[in-house]
Structures are given as C-alpha cells and as structure tokens.
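A short report with one table is enough.

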Amino acid sequence: MLDHLHELDRTAAELAAAFDAVDPAAAVPGCPGWTIADLALHIGAGQRWSASVLLSGREQRRPEVLRTTISWADWYAGTTAALLAAIRAVDPDEPCWNFAPVDQRAGFWTRRRLHETAVHLVDAQQAADATTTGDVIPPAVAADGVDEVFEVFVPRVLERGFAPAVTRPLGVRAIDTGDAWTLTPRAEGGPPLLERGKADGEAVLSGTASDLLLCLWKRLPADRLAVDGDQQVAAAFLAERVTS
C-alpha cells in the first residue's frame, strides 16, 4: 500500500528545493499567467488551509496570505511542516470535512496534498526547463493520482456544472504499473461508473502512469498517450475538463 505521508514529505522537500533553485519571476507553463512566486503562494496557502481543516474537522475559509518576506523555499517548507504536523495529530479514520463525494475522513487530505504537490513539482520543473515531462513522479504515486482523478475529480467537475467528460465507455491503462480503470456513463446521469482492474471501452487510453496523470491535469499534450479503438471517443474525453 502506498505510504501517502512518506511520499508527501519526500515530494514536498523536492518542491521546496525547486523553489530555491528557480527564479521566482519565471513563468509557469502549466499555470498560464502564474510565476513561480504565484505557484509557491498558492500551494503554501493550500498547505495552511488543509492543516486548519484537519485540526478542526470542519470546512474552513481559505487564508488570505500576504507575499512572504523570506525565501519562497523557506516559507513553503514551513507551511509543509505545519501540514505534516497536523496530519500526524489526527487519526486518518477520524471524521473530517472534505470537498469531494467520498468518505469524509481525515486521511483524504494526505492523499490530496500529495497529488497536489506532485503535479505542482512538475510545474516548477517545467518553469525551469519546458522540456520536462514529469518523470519525477514515481509510477506508484502517479497511478494513485490517476485513481484520485477518477474517484474524486470527475464527479466533482460534474457537481460544479461542467459538461460530462465521460459520454462513452472508456478504458485507461498504466503500462508501467499494470493499473487499469474502466469508466462507463450511467443512463440516469451523474458520475460515471468506475471499475478498477480492467480497461474496457470503445476507446482505451494507455501510457505510463505519470503521462496519464499529467495528461489528465493538462500538463502534457494528449498525444503522449496511445489509443486503441475509437479515436474520436478518446479525443473527446481528453479535451474535456476532468479536474477542478
């Protein structure tokens, strides 16, 4: 089983190092209009907000964070230390609010902050080198991130009023980990049926777990993935919004 806390600690340390190495004014390709300073402010504020949710067990207002006067790397590392302390202070099975249509348990936040950090680590690395493809995300972490997209974000996007991304049966396969998913639209509407362990559908997308995750988060172009079956079904899915 993936150790989300260990991976969050490791990935956050890599992101802090990236903030120390990259010009704060550098543009972030994956977040148009943002600089590295904006990215650090966003994810550091998110660490503080998540910690406050964990410690209270309730929904909290997002903090209005002023620009830091210390280095972005040091400030972000401090917010991460606060989050890790909050995670360790709360049993993962303890009831706790989250924004998703899943069990309202504290353990949600360790997983969520891990994948938020992993994707933004790629953002920081792409700011330093636009050719970065995201190989920094370990396969097991990336596969769990793909699973989170399908379990948490596809339903959330629908709840927020966006068009359904899954309109035809679709399979997804991670070629390096063996993980597989099938998404099937429901006749009555609502989130698609998610089946793990198989990749069946009118189209089947395949790629490394990292490439799958970053294509779903629109950090890599869709042509990174192979398609078996109906190309139009695959293209329609990849063009829609599946994260929010």
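This is a predicted model: local features need pLDDT of at least 70, side-chain atom pairs count only at pLDDT 80 or more; totals for chains, interfaces and linings use all residues.

Residues are numbered from 1 along each chain as its sequence is written, and side-chain values use heavy atoms, with hydrogens and water left out.

Two packed helices are described by the angle between their axes and the distance between the axes. Helices are DSSP runs (H or I, at least four residues) numbered from the N terminus. Axes are lines fitted to C-alpha atoms over the stretch in contact, with angles from 0 to 180 degrees between N-to-C directions.

| Helix pair | Axes come within | Crossing angle |
|---|---|---|
| α2 (residues 36-56) and α3 (residues 72-89) | 9 Å | roughly 20 degrees |
| α4 (residues 107-128) and α5 (residues 139-159) | 10 Å | roughly 115 degrees |

With that angle, α2 is roughly parallel to α3 (under 35 degrees). Contact means heavy atoms within 4.5 Å. Among the α2 residues that meet α3 are Ala 37, Leu 41 and Arg 48, and the α3 residues include Trp 72, Trp 75 and Tyr 76. By class, this contact has 16 nonpolar, five polar and one charged residues. Nonpolar covers Ala, Val, Leu, Ile, Met, Phe, Trp, Tyr, Cys and Pro, charged covers Asp, Glu, Lys and Arg, and the others, Gly among them, are polar.

The helices α4 and α5 are roughly perpendicular to each other (65 to 115 degrees). Their contact includes Phe 108, Arg 111 and Arg 112 of α4, and Asp 144, Asp 147 and Glu 148 of α5. The residues here divide into five nonpolar, two polar and six charged.

Key: Helices (H or I, at least four residues) and strands (E, at least two) are DSSP runs, numbered from the N terminus. Angles under 35 degrees count as roughly parallel, over 145 as roughly antiparallel, 65 to 115 as roughly perpendicular and the rest as oblique.
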